[in-house]
Structure formats: structure tokens, C-alpha cells
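Q: Could you take me through the contacts in this model?
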Number of protein chains: 2
Amino acid sequence: MQKYSKQTRLLLAVDCIVFGFDGEALKILLIKRGFQPEKGNWSLMGGFVQPDESLDQASNRILKELTGLEGVYLEQLHTFGDPQRDPIERTVSVAYFALIDINKYKKQISDDYHAEWFTMKRTPKVIFDQQEMVELAKKRIRYKAAMHPILFELLPSKFTIPQLQNLYENVFNTAIDKRNFSKRVLATGLLIKLNEKDKAGSKRGAYYYQLNMHNYYSKFQAFMNFIPNPDSISAS
Amino acid sequence: MQKYSKQTRLLLAVDCIVFGFDGEALKILLIKRGFQPEKGNWSLMGGFVQPDESLDQASNRILKELTGLEGVYLEQLHTFGDPQRDPIERTVSVAYFALIDINKYKKQISDDYHAEWFTMKRTPKVIFDQQEMVELAKKRIRYKAAMHPILFELLPSKFTIPQLQNLYENVFNTAIDKRNFSKRVLATGLLIKLNEKDKAGSKRGAYYYQLNMHNYYSKFQAFMNFIPNPDSISAS
DNA sequence: CCAAAAGTGTTAGCGCTACACCCATGA
DNA sequence: TCATGGGTGTAGCGCTAACACTTTTGG
């Protein structure tokens, strides 16, 4: 026996939703699609799965080809298989999401790859069912960030507590009391205070912190319960 | 433009992990595979996605064809795409998990379809990478059940609090104090007490409850935080 | 010296956990 | 009547949320 005869073979694609944070707002990365149909329209980073690569390999390859990004946090989200989702030919797409620090790659992405960052509120129309993918990805990162420290992936390796709080407030779209916030994050034991200040945000300056990588891995499973308003967060 | 030329098409399959609870233990359903390779060996409910159906439709169809189950809780889990996972030909598989009340379908499943239930501890070897799928599914239901009331899908429409507690103790593999347990579940407002007792489990009998469906849907997003030992539960 | 952001402590209330005894009934 | 499982109440503790003032320093 060599093959499963009589079965139909389908195109399989990967689409990546790339989230970034620049200290101000949570953003997603889009590019202008390079081929028909919908050529020139805004799209997620997507491409076809090749015969010899796994899905994780495909998503990493596509992300690198379209943005130069490599070694970033990338996680499978959901697979979309509506028969009509691509008008040209049936294509099933495995969606992934990535989390990166915008500033680390800002110049490279815009100069070399012509991708652009958009805030959540001002995202242009994207092709096919990609809006649905983006919505699901937003729900998933909120859901996961409520219990796991994944949002650190969006920050530079040195960051301040006000920056971190700003990120959480963005992702959960809520205001958090800064006294309670700093107590909680410091209580996790995940942060190491540095003898250095970020003077960009204020005159007084805010201390930099970095992740305690040992504690990070051991506490990844159970971080803090950070759901400010659980009803606003959806199931995976 | 009619097709994406030059791209390779792949086989796409669906595999369903069916969980059931019989009042005693959490079990999964397996069948003897009906075709080569691995014909006759224990397998999840699987089949190929057809050209005109979505992934959700495919999983529902396959579950019905192989077990007669219809209208049950079914949720997409993860997509497995290692190029070598099927030795005959590359096949990417979208895994789903289902939750059912074993007793409701027990006779039908064993008599008509020759599927069998196995406890978690005594699961036989399954084909390909299906063991990995089962492990991931177990993690996922624990993870989700810690915050959402999905485990009611495993119970009959009338159930007792000791039965419910037994289910939670099974899924989380832990002992729970019965006073605290009943306080918590009753406090959710999801249960309606019936004027009827289950006398099977004890002489005195335990009151039956049923779900308050209105509250069930409105409280689905935020149930109770039921993680008894967070470190034992893995991320999705 | 003033504006703007960083940093820090206390209290009250709620929720969770721990814990033990009585009830109902079939055998 | 006794063994078995069902059902219930309370007290202490820990965690969380609410809340305001001082510090620093560039302009």
C-alpha cells in the first residue's frame, strides 16, 4: 500500500497574527499580499505548507520570509477550514499567533519588508476570514495572559513597572490601581530590579526590571489570576 | 485565475477524542481501525475531510459514522502536522475532543459500533501520534474545566452533587472536601434542586439536580476557579 | 517652584479552607 | 441497630481591593 487512494487532497496554509507592543498600544502587523487573489490588500503573514515541513516549521519559515522575524514566541491558535474561505480554491489554514517587542524589530520590518503595524482600533479590512482569526487571537492572548506570564514576550528585556502595567491595561482594556499592580507583580518573584532607570517616561525616572528566567519557567503554569472583568473574556 | 498552481495538496483528516464519564471514572472511547495501515488496532475516531465540508462538519460526520453520536459537545483541540506522522502518506490531522454521558449511549456504542471505553490508566496503545492527542486533550479539559462549567456535558441531565464531585475529583485527580464543594457549586446558581432522589448510591439517597440553562449560558465564561493544584495543570 | 510621573502602606471585607457531627434508610 | 453515604455550619486566615500622600527632577 502506497497511498490513500480515492481521497481528496487539499491546500494547507498557515497564517500568523503578529502582536506587538511599543509602550503605547497593542498592535498587529499586516503586509500587502503579494499574489492573486486580493493582491495588494492588507493581509496576515501567510503561506502554503510545504511537503516536507511540519506546521510549526511552516509558520516559522513564513514569518521569517515575510518579516525577518526569527526565534519569537509563536503558538498555534486554531485551524480554519470553511470550504468557501478562499474563493480561488479550497484552502485550510492553520492560524498561529506571535508576540514580539515592536521596537526591537521596528526598522527592519518597515524598511526591509514593508509590513506595517496597526492599532487594534484602526485595523484595515483584511482578506478572507482573517478578521475572524484576529478576533480569536485577541481573545486567546487575553485568556492565556490571565494565568500565564506571556505578555513579557511583548516587552524588551529591560522594562519598567509602569510599562508593564500599561501593557496589561491595554490587553485587558481596563484600568488597574498601580499600588496593587506593583505589589502583585513583585510578589510573583518573577522580576529582578536593576540599578538603572528609564528616564524617558518621566523626570524622576522608573527603575528597570528584568525577568528572573529561572522563576519564569517554573512559574509559567501558574502566574497570577489577572482577570479584571471575567465576563469580557471569552473561552478559547 | 482558477487555482494556486505549483502548490502541493495534502490529505487532511480529523481525529476525535471522546471522553465519557459513567459515575465511576473518566474514560475515552476507541475503535478498531477499519482500514490499512494499522487495520484492527485501537484508534481514535478518525477520517478524511471531504471536499465540500468544513472541519466542524467533518468531525461531526465522522463521530456519527463511527459511533452514532450526534449533537454532542465537540470542540477543536489542535492540529497535528508532522510530515512523518502517517507512514503511508503525509496526512495533517485536526484533533477534536467530545464530552458525553457514557450511560446515555452505552448500549448503542458497544452493540452497533463495536467501540469500547477505556479508563485513562488502562488505555491500550493507539496508532500514530494519537497518544499525544489524548494527552493534550486531557490537559485541555482540565484547563478549561478549571474556569468553565464544561464537565456537566459528561453527566446526565439529572445528577447528584456527590456524582458531580466524583467527576471533578476524577478529572483533577484530587480529593475535595464535600462541604466546601457543595457550597461552591450551589453558590454558582447553576443548579436547580429537584424533589427527587437517586437511591442507587446510598440508602438515604441523594437529591437530583439539573442545570439552570439560563444561568449556564450567561455564566459559562466565568465559572469557578477550581484549580486545586495549579502546577499539575498545563497550558494549552 | 511647579507639573508630572514614580513609588510606597494600611485597613476592611470577603472568600476560601479547614474541620465534625447529625440524618436517613436499607439490610 | 448499625453501617453507609448524604447533608449541613462556623471560625480563622489570607488575599484582594480600596484608598492618598511623598518623592524626584526637568523645565
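A: Arg9(A) and Glu89(B) form a salt bridge through their side chains, 2.6 Å from N to O; the term denotes a side-chain nitrogen of Lys or Arg within 4 Å of a carboxyl oxygen of Asp or Glu. The model is predicted, so local features need pLDDT of at least 70 and side-chain atom pairs pLDDT 80 or more, whereas totals for chains, interfaces and linings use all residues. Side-chain values rest on heavy atoms, without hydrogens and water, residues are numbered from 1 along each chain, and chains are lettered from A and ligands numbered from 1 in the order written.

Q: How many salt bridges does the rule find across the interface of chain A and chain B?
A: The rule finds two there.

Q: And which area is buried between chain A and chain B?
A: About 4,400 Å², with carbon and sulfur atoms giving 56%; this is the accessible area (1.4 Å probe) lost by the two parts on being put together, summed over both.

Q: How many residues take part in that contact?
A: Chain A provides 54 residues and chain B 54 residues, contact being heavy atoms within 4.5 Å.

Q: What lies 2.7 Å from a base oxygen of DNA strand C?
A: A polar side-chain atom of Arg204(B). For Lys178(A), a side-chain N or O atom is 2.9 Å from a base oxygen of DNA strand C.

Definitions and conventions: A polar contact is a pair of N or O atoms within 3.5 Å; within protein, one must be able to donate a hydrogen and the other to accept it, and residues adjacent in sequence count only if both atoms are side-chain atoms.
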